[in-house]
Amino acid sequence: MTRPRKEPSPQERLKNWLSILGPDALIPHTPPPLTASPMASTRDVLQPFSKKNKEQILQAISERVKKCRACGLYASRKQVVLSDGSPDADIFFIGEAPGAQEDHQGIPFVGPAGQLLTRIIEQGIKIPRNETFIANILKCRPPGNRRPLPEEIQSCSPFLLEQIRCVSPKILIALGATAARFFLKTQAPMRSLRGRVHQVLGLPLIVTWHPSYLLRRPEAKVETWRDIQLAMKVLEKRNGNKGARAE
Ligand code: SF4
C-alpha cells in the first residue's frame, strides 16, 4: 500500500520560500506564466502563511530589491519604493512606477495621485488604505517620470509577482495602461480593458484609470467609481456575499 505523501509544515514551506528568495537569488528572473489556473491559484499556494510569515517574505524581497542593479534605473534612484499596506490585504493595487515624491519618501502613491488613490479607497471601498496592498511594477523611479521601458518592466516585474504571491490577495486592481498591459499582454486601449473582469495568476483583475490621469481628466472619475464597484462585487462574491463595502 502506498503511504500518503507527508505535506510540508507551514514552517518548512516558509523556509523553502525564503531560500528561493534569498539574497543570492539571480536577477533578472524569468517571470512565472501569467495564466489563469484555478488548480494553482496564489491563494491556494500561500494560504497557510501567517501575517508574520508574509512579513518575513516581503522583507526578504525588500532586501533583494535594495541591492538590485538589474536595469539602469538603480543609478538615479534616491531609494527603492517597495510597497504600502497590509500583507494580509484582500485588494492589491498595482501602479506603474514611483514618481519624485515616492522616490523621496520610499512609499508608493504619496503625491497628489496617491492622495486621490487614498480617497478612492477610503471613500469608495470604505476601508482604511492600510488594509489594502499597493505596489508598482517598477521599484525605482524613471527619470523625469517617463514611461517604463519594456526592458525595465521585464527586469523588475518578477519582484511584483513575488509580492502578489506572498500577499495572496483576492483581487488585483491595475491602475493605468502600463499595469493593465503588463498583466494582459496586450496593447489594446484602456477603454476596451476596463469594465470587465479579467483573470491572471488565478485571480480576478479589474482595470481602471491611474489616479494621475484622473487628476488631469476629473470627468473620468465616474468611470473609476464604476470600476471600483465592479471590483467590490467580485470581492463580495469571493467572500460569499460578506464584506463588500462599496455603495
Ligand atoms: S527598477 Fe527594478 S530592476 Fe531596475 S534597478 Fe530598480 S529594482 Fe532593479
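Strands β2 and β3 (residues 133-136) run side by side in the parallel sense, joined over four bridges. That pairing is a handy way into this model, which is a predicted one.

**Strand β2 and its neighbours**
- On the β3 side, F93 sits opposite I134.
- β2 also pairs with strand β4 (residues 171-175), again in the parallel sense and over four bridges.

**The chain as a whole**
- The protein chain has ten helices and six strands.
- Its length is 247 residues, and 40% of them are buried.
- Take the contacts with a separation of 6 or more: 76% of these link residues 24 or more positions apart.

**Helices α3 and α6**
- Two packed helices are described by the angle between their axes and the distance between the axes.
- For helix α3 (residues 51-66) and α6, the angle is about 170 degrees and the axes are 9 Å apart. Angles over 145 degrees count as roughly antiparallel, which is why α3 is described as roughly antiparallel to α6.
- Which residues meet here? From α3 come K54, I57, L58, I61 and V65, and from α6 come F159, E162, Q163, C166 and V167.
- Sorted by class, the residues of this contact are seven nonpolar, one polar and two charged.

**Around the ligand**
- There are 14 residues surrounding the ligand. If you want to find the spot in the structure, look for the closest ones: C68, C71, Y74, C140 and C156.
- Which helix gives the most to this shell? That is α6 (residues 150-167), with three residues. This is the helix that also packs with α3.
- By class, the shell holds ten nonpolar residues, one polar residue and three charged residues.

How values were computed: Residues numbered from 1 in each chain as written. Predicted model: local features only at pLDDT ≥ 70, side-chain atom pairs only at ≥ 80, totals over all residues. Helix = DSSP H or I, 4+ residues; strand = E, 2+ residues; numbered from the N terminus. Buried ≥ 20, exposed ≤ 12 C-beta atoms within 10 Å, placed from the backbone. Contact = placed C-beta atoms within 7 Å. Near = placed C-beta within 6 Å. Nonpolar A, V, L, I, M, F, W, Y, C, P; charged D, E, K, R; others polar. Pairing = 2+ DSSP bridges. Axes fitted to C-alpha atoms, helices over the stretch in contact; angles between N-to-C directions. Parallel < 35°, antiparallel > 145°, perpendicular 65-115°, else oblique.
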